[in-house]
Amino acid sequence: PPVGGDTLFSNMYAAYDALSDGMKSYLEGSVALHDGAPGYRKRASIEGKEDKRRFPRAEHPVIRTHPETGQKLIFVNPVFTTNILDLPTGEGDAVLKLLFEHCNQPQFQARFRWKKNSVAFWDNRCVQHIAMWDYFPQTRSGNRITLKGDKPFWGAVKQSSPSISIGLSTLFYEISKERHSVRAASRFSLKVLRFESDLWELKWL
């Protein structure tokens, strides 16, 4: 759209680092259920439809380790995470509510403003994102691909896994056809590029 439709990204490394030591210890080793059915069926019901499809379910650690950086991060989200399996329902719900609100804080976020020919790369293992619904009645459209991920785990990195990563958690590019060049999209991009603590010294390719 000509106005609106920005994408907000939230840094799960920083969100984890901001937790108290006590909360980190409390959460480590906990496992949560991720289920796509509630969210998709709720969306269908709002549109007056009934969605009877079967959706995948998976169990993932609440705090996971990135397989390439070895850093810990929060790995729950309000769209898919339904409950923490090793906690009583009431306690688990309260913990998830706390984590969802914690991850929503502006200090963990960066905003990407789309332009014509913009391209965005991000790492779903350590970043959460959401599109702003502020462009009605315009249409928001684009092309997107998702790379096959790895199985989330918690603990030490046992071995380096094959990866096509370029060493950045999230990278935004804006492609200029006129100049046949690639440059950083904005100052917000630089903020996102600094998700990994070992990558403060960056050089543009």
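The legends below accompany close-up views of a predicted model.

**View 1. Overall make-up of the predicted chain.**
The protein has 205 residues, of which 37% are buried, and its secondary structure consists of five helices and 11 strands. Of the contacts between residues at least 6 apart in sequence, 74% join residues that are at least 24 apart.

**View 2. The open sheet E7-E1-E9.**
Three strands make up this open sheet, in the order E7-E1-E9, and their pairing is antiparallel. Strand E7, residues 109-112, and strand E9, residues 127-131, are the edge strands, each of them pairing on one side only. From one strand to the next the twist averages 25°. Strand E1, residues 7-11, pairs with E9 in the antiparallel sense over five bridges, and within the view Phe-9 can be found opposite His-129 of E9. In general, the strands of a sheet pair through backbone hydrogen bonds, and the pairing may be parallel or antiparallel.

**View 3. The open sheet E3-E2-E6.**
This open sheet is also built of three strands, here in the order E3-E2-E6 and again with antiparallel pairing. Its edge strands, which each pair on one side only, are strand E3 with residues 57-61 and strand E6 with residues 81-84. On average, and with direction ignored, neighbouring strands of this sheet are turned by 30° against each other. Between E2 and E6 the antiparallel pairing runs over three bridges, and Ala-32 has Ile-84 in E6 as its bridge partner.

Once its neighbours within four places in sequence are left aside, Leu-27 is in contact with Leu-19, Val-62, Ile-63, Val-95 and Leu-99. As a general background to such a view, nonpolar side chains in soluble globular proteins tend to be buried together.

**View 4. The salt bridge between Lys-72 and Glu-28.**
The count of salt bridges in the model comes to nine, and this view shows one in which the side chains of Lys-72 and Glu-28 meet, with an N to O distance of 3.0 Å. Lys-72 belongs to strand E5, whereas Glu-28 lies in the loop between H2 and strand E2 (31-35), and the pair thus links distant parts of the chain, 44 residues apart. Both partners are partly exposed, since the relative accessible area is 30% for Lys-72 and 24% for Glu-28, while buried would require a value under 20%.

The side chains of Glu-68 and Arg-125 meet in a salt bridge with an N to O distance of 3.0 Å. Because Glu-68 lies in the loop between strand E4 (63-65) and E5, and Arg-125 in the loop between strand E8 (118-122) and E9, the pair ties together parts that are 57 residues apart in sequence. Glu-68 counts as partly exposed, at 33% relative accessibility, whereas Arg-125, with a relative accessible area of 15%, is buried. Arg-125 forms a salt bridge with Asp-123 as well, their closest N and O atoms being 2.9 Å apart, and in this pair Asp-123 is buried and so is Arg-125. Through salt bridges that share partners, Arg-64, Glu-68, Asp-123, Arg-125 and Asp-150 are joined into one network.

**View 5. Two cysteines, Cys-103 and Cys-126.**
Cys-103 counts as buried at 4% relative accessibility, and Cys-126 is likewise buried, with a relative accessible area of 0%. The structure holds zero disulfides, a disulfide here requiring a pair of cysteine sulfur atoms within 2.5 Å.

Notes
Residues are numbered from 1 along each chain as its sequence is written. This is a predicted model: local features need pLDDT of at least 70, side-chain atom pairs count only at pLDDT 80 or more; totals for chains, interfaces and linings use all residues. Side-chain values use heavy atoms; hydrogens and water are left out. Buried means under 20% relative accessible area, exposed over 50%, partly exposed in between (1.4 Å probe, protein chains only). Two strands pair if DSSP finds at least two bridges between them. Helices (H or I, at least four residues) and strands (E, at least two) are DSSP runs, numbered from the N terminus. Axes are lines fitted to C-alpha atoms, for helices over the stretch in contact, and angles run from 0 to 180 degrees between N-to-C directions. Contact means heavy atoms within 4.5 Å. A salt bridge is a side-chain nitrogen of Lys or Arg within 4 Å of a carboxyl oxygen of Asp or Glu.
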